[in-house]
Amino acid sequence: MIDWSLLLLLILHPALICVAETPISILGHWSGGFQGQACIPITKELDGWKAHILFSEDVDSLDIWVAVATKISPREYLIENTQYKTQEHVGDRLCFTFIGHGLGDIVPTASVYVEGMDEPVGLNTTHVPTGPTTPPGPTHALHPVRKNYTDALGKSILFYEAQRSGKLPANNRVPWRGDSALNDCVPGGWYDAGDHVKFGLPMASTTTVLLWSILKFKDGYVQSGQLNNAMDQVKWTLDYFLKGWNPQTKQLVAQVGDGRADHSYWGRPEDMTMPRPCQFINETVNGSDIAAETAAALAAGSIAFKENGDAAYSTQLLTAAESLYSFAKTHRGVFKGSATYYSSRDEKDELCMATLWLYRATHNTQYLHDAYDYVEDLWAWALSWDDKKVACQLILYEETHDDRFSKAVVGFMQAWLDGINYTPCGLAWRDMWGANRYAANSAFVALLSAEAGINPSQYRKWAVEQMNYILGDNKHDGGCYSFQIGYGDKYPLQPHHRAASCPDRPASCSFAQLNAPGPSPHVLIGAIVGGPEYNDNHHDLRSDYILNEVATDYNSGFQGALAAIVHLQMTNNFPITNNKCPCMV
């Protein structure tokens, strides 16, 4: 029966009604704003959800990317799911980040509860007799945590926004980044890694891979609510390539910034004062590797923007791609100016990529014929900024159905499935420098191959298991450790990244921040770090530029694989996986 005395007490004293709230982590703060992250354990099946965020101080507005925020009062906001993120299952974690805006440098405490799941305390209408009770046992058995691939996909795009150079747009979503390097010979583009050099080959290769994922798994981006952000992501570098190529003088910008000078500086990109020299490719300086890969990116971009309704921009991209490929084909030889950092071993794979994306953009069979001149039957060591052999083989198989190329792809994948070392928890470990990058790139190749009808069941299962490892199916730091920053509860706090390590202005930033203890002042949301050692060990140290390095090319195949996995979920082709060290809650 109803306990009327308790009900009367609560009517007279409503503050006694409380809910099972989850604390929110405040990740960083600055004058006028702060960044928070909520991660709510799901204890009830939900098809659509509403959450309430409660603050200890007034908050003027809230920006959130995977949900809709409505202001109820200055200290309470209603957060509702979007159409792309409705279902949550027992054992999941509902995680999201947000930016709060207010007066001054506020650091509120905050908590969150979900309607219908976190029930109010104190209104139990069933009379419970007093007396001895048995101590409660476990509330539920441990379950593997389902990965939120759409959340990881959106975060990956945010990482690229943190890497932007030049004049930032009005809709910049990374509040600790500002305009930088405005006087470069060609402003714009991405900073390569945790430094501030703009290297042509990895930037072009990364853009091509990202565009490949947008074109092949567009439905995954749409389902995640990220297509517009993804198109903005690649347009940033495509604009840079257009500005960097002069078809009249036949000159392409290959690099901006000096690696040695740049690595002698630890600080914000906004504060750089050192000279930033340009290096060019032209009729006297070889660089057909960079020129061809840039042409591939431009050609792929022309297809993507044509499909997205921007015919004028598509034509501009295609015109530049064709002239740049013609230049690369005529002036052969790899670029040597970035030898200390990025030196290509060959240019045939980049030329092959240019011809194939131009063929897809134009349907001119001469490009397809050219591709046969450049493709190799060798098994690639990995898909990387330097080695695109397997990409050429796979696209040629898609276009021709020639078994010669499918056999090469199968050989590549067989080496990754059976001919490579694995960590104890199951990461295919190719190399100490960027282990996660190589595994994620191969997962992307596996998922593309599966779509082409090559061993789909086997390749999908393997690929998803590799991605699950990176997102938390491992035993590092007690398990459930995500190598993607900002995903889940545990992730790297000290990436090797200058801008993220710097405190807010006007505080100074120098090499003192390189070895400073504690988390970086800013969370580099979405970046994946280099990865573990061969034994699953990882060192979350800012000074470790191998295991805790971040780079634009690290995230490219990773992001593509995420879009592919969302596509699998949508088409009911998601595989049954069996990770060795699943994250359990």
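The entries below follow the order in which I looked things up.

I was working with a predicted model, and I found four disulfides in it. Cys185 sits in the loop between α2 and β14, whereas Cys278 belongs to strand β17, 93 residues away. I recorded Cys185 as partly exposed at 39% relative accessible area, and Cys278 as partly exposed at 21%.

I then turned to the disulfide of Cys425 and Cys581, with an S to S distance of 2.1 Å; its torsion is about -85°, so I wrote it down as left-handed. Because Cys425 lies in the loop between β18 and β19 and Cys581 in the segment after α16, this pair ties together parts 156 residues apart in sequence. Cys425 is buried at 4%, and Cys581 is buried at 7%. Cys480 and Cys583 are also joined, at 2.0 Å, and I noted that this link is right-handed, with 100° about the S-S bond.

I traced an open, antiparallel sheet of five strands in the order β2-β12-β6-β9-β8. β2 and β8 stand at the edges with a single partner strand each, so one side of each has no neighbour in the sheet. Five bridges join β6 to β12, and I saw Ile53 opposite Val112 in β12.

Last, I checked Glu161 in helix α2, which is buried at 6% relative accessible area; I listed Arg173 and Val174 as its contacts beyond four places in sequence.

Definitions and conventions
Residues are numbered from 1 along each chain as its sequence is written. This is a predicted model: local features need pLDDT of at least 70, side-chain atom pairs count only at pLDDT 80 or more; totals for chains, interfaces and linings use all residues. Side-chain values use heavy atoms; hydrogens and water are left out. Helices (H or I, at least four residues) and strands (E, at least two) are DSSP runs, numbered from the N terminus. Buried means under 20% relative accessible area, exposed over 50%, partly exposed in between (1.4 Å probe, protein chains only). Contact means heavy atoms within 4.5 Å. Two strands pair if DSSP finds at least two bridges between them. A disulfide is a pair of cysteine sulfur atoms within 2.5 Å.
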